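Trainee: Could we walk through this one together? I'd like to start with the core and then move on to the pocket and a sheet.

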Amino acid sequence: MDALYNTHVKLLAFDFLKLTPSPTEPSSFFRRGKRLSRAETVGIVVTRDLKPGKFVKFTIDDGSGCISCVLWLNQLNSSYFSRRNPSDVRLIAQAATDFASDLQLGVLARVRGRITDYRGALQISVSDVVVERDPNMQILHWLDCMRLARQCYD
């Protein structure tokens, strides 16, 4: 059993960008032999491209590199959600819309989501966003990443 597989693994951009895709599972990526599927990062939003009703693409810069992220806004029209309870889908869609409005250039954001490969480039398909008010959260994230890399991930 892979203990880290469905965990939001705290990663810095330079580690995230070194992940290698699994040859057998499209939703799996490897970091030093550990199988991962989800990630968490903290950084400054440096780009933002909104396609209303579809998605918002943005980039997080954590000081070690930049991570591309996509937050989907098409839950109400997507066949992926068609089998789910409509009230649940509305809640998910409203949360995504709220996250998108919080994502402005220059904010410090904590992003969690699935690691995906789009056209050969790694990105995070975002499940939740928290705008951090305390700039020390980025430093704390760096320290957590280094500690976890030594004690858990390596």
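Trainee: Which residues of the largest nonpolar core touch the most other members?

Mentor: Keep in mind that this is a predicted model. The largest nonpolar core holds 33 residues. Those touching the most other members are Phe16, Phe58 and Leu71.

Trainee: And which element supplies the largest share of this core?

Mentor: Several elements supply at least two residues each, among them helix H1 (13-16), strand S5 (38-51) and helix H3 (136-153). S9 is also on that list. The largest share is five residues, and it comes from S9.

Trainee: Which element gives the largest share of the lining of the largest pocket?

Mentor: That pocket has a volume of about 510 Å³. Of its 18 lining residues, the closest to the centre are Trp72, Tyr80, Phe81, Arg114 and Val126. Strand S7 (66-72), helix H2 (86-102), strand S8 (108-118) and strand S9 (121-131) each give two or more residues to the lining. The largest share, four residues, comes from H2.

Trainee: By class, how many charged residues does that lining have?

Mentor: Nine of the lining residues are nonpolar and six are polar. The number of charged ones is three.

Trainee: Now the open sheet: which are its edge strands?

Mentor: Three strands make up this sheet, with antiparallel pairing, in the order S2-S3-S4. S3 (residues 29-31) pairs with S4 over three bridges, and there phenylalanine 29 stands opposite leucine 36. An edge strand here pairs on one side only, which leaves strand S2 (20-21) and strand S4 (34-36).

Note on methods:
Residues numbered from 1 in each chain as written. Predicted model: local features only at pLDDT ≥ 70, side-chain atom pairs only at ≥ 80, totals over all residues. Heavy atoms only, no water. 1 Å grid on protein atoms, 1.4 Å probe; cavity = no way out; pocket = protein on both sides within 12 Å on 5 of 7 lines; lining within 4 Å. Points joined across faces, edges and corners; volume = space filled by probe spheres on them. Nonpolar A, V, L, I, M, F, W, Y, C, P; charged D, E, K, R; others polar. Core = buried A, V, L, I, M, F, W, Y, C linked by side-chain atoms within 4.5 Å. Buried < 20%, exposed > 50% of the residue type's maximum accessible area, 1.4 Å probe, protein only. Pairing = 2+ DSSP bridges.
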